[in-house]
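The following briefing concerns the structure shown below. Please read it alongside the sequence.

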Amino acid sequence: MQADLLERTRQEMRGLDNLELVERGPLLHRRLWSTTWPKIAAFLLTILLWQLVVWSHWRPTYLLPPPLTVGQEVMHQLGTSKFRDALVVTGTRAVTGFALALVAGTFIGLLVARFSLLRKATGSLITGLQTMPSIAWFPLAILLFKLSESAILFVVVLGAAPSIANGLIGGVDHIPPLLTRAGRALGANNLQLYRYVIFPAALPSYVSGLKQGWAFGWRSLMAGELLVIVSNHSSVGVQLAYARELSDAPALVAMMVVILAIGIVVDAGFGAVDRRIRARRGLEGAVD
């Protein structure tokens, strides 16, 4: 009797599991479509507005090329080894600079969040560094490092690190005191408290700081590649500068489209991480 009841319960559970698996596919499909179609619509609307401006003859097509011409130029550039090498150089600089900013910003953020005296001394300075235009750092960077890779990385780190630090500091500030008291009550020391309580609780704000730091760092990198041209190191910024000097509007706009596309792709990556964090905390449905 008891064995029959147990077997019946198992069969019912299998039925519920199968029902959940059947429903999960359409739900995932609908969620994917609901997040994709607004982006597609915005892209098509942008292309339409661009084409309408071209048709209005506001500027001649040799100054403002139509979307089709720019799209063909993008495909042509992607097919050349010179442009692919430029993408590798720019990507390497972006990853290296952001990694250095990640280490520096996280370290500074943890120190400032941990010590109140340090926060009083440097809190406003970090915000001031975040609001300072990256272009203002390049005269000093060139003076210190000449026209070199170090000058570009110097400005990228200064552009991204303050945002990362502020994101972590803001996340720590908004942790409910009950969590830290619970960690202390369970016997956690300072290191364990940061490892298992404070840092996980501050993670959403920290990821937002990373996202903003990437945006500042990417903008600083593009400014640096336009101003600091390192010999024998072609990059996306250098290609953009060459197109401007040659008055090659299709190539110039194509480089701008590539820069925008890279920014959108990286932003989508940070968005996916943020959605995963919210989903693990049961906040996905509440926000979306």
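Isoleucine 198 touches Val172, Ile175, Thr180 and Leu193, leaving aside residues up to four places away in sequence; a contact means heavy atoms within 4.5 Å. This is a predicted model, in which local features need pLDDT of at least 70 and side-chain atom pairs count only at pLDDT 80 or more, while totals for chains, interfaces and linings use all residues. Residues are numbered from 1 along each chain as its sequence is written, and side-chain values use heavy atoms, with hydrogens and water left out.

**Isoleucine 198**
- Isoleucine 198 lies in helix H8 (residues 190-227); helices here are DSSP runs of H or I with at least four residues, strands are runs of E with at least two, and both are numbered from the N terminus.
- With a relative accessibility of 7%, isoleucine 198 is buried, a class that means under 20% relative accessible area, against over 50% for exposed and in between for partly exposed (1.4 Å probe, protein chains only).
- The C-alpha atoms of isoleucine 198 and isoleucine 175 are 7.2 Å apart, although 23 residues separate the two along the chain.

**Nonpolar core**
- The largest nonpolar core has 46 residues, of which Trp218 and Leu221 touch the most other members; such a core is a set of buried Ala, Val, Leu, Ile, Met, Phe, Trp, Tyr and Cys residues joined through side-chain atoms within 4.5 Å.
- H8 makes the greatest contribution to this core, with twelve residues.
- Beyond residues up to four places away in sequence, tryptophan 218 touches Thr90, Ala94, Ile259, Ile262 and Gly263.

**Surface**
- Leucine 44 is located in helix H1 (residues 2-55) and is exposed, with a relative accessible area of 51%.
- The accessible surface of the protein is about 18,200 Å², and carbon and sulfur atoms hold 68% of this area, computed by the Shrake-Rupley method with a 1.4 Å probe; for residues, only the protein chains shown count as cover.

**Overall fold**
- The protein has eleven helices and zero strands.
- Of its 288 residues, 34% are buried.

**Confidence**
- The mean pLDDT of the protein is 81, and 86% of its residues reach 70 or more; pLDDT is the predictor's confidence in each residue, from 0 to 100.
- Mean confidence is highest in helix H3 (residues 81-114), at 90, and lowest in helix H11 (residues 284-287), at 51.
- The pLDDT is below 50 over residues 12-17, a stretch with one contact in the model beyond near neighbours in sequence.
- Where pLDDT is low, the predicted coordinates should not be read in detail.
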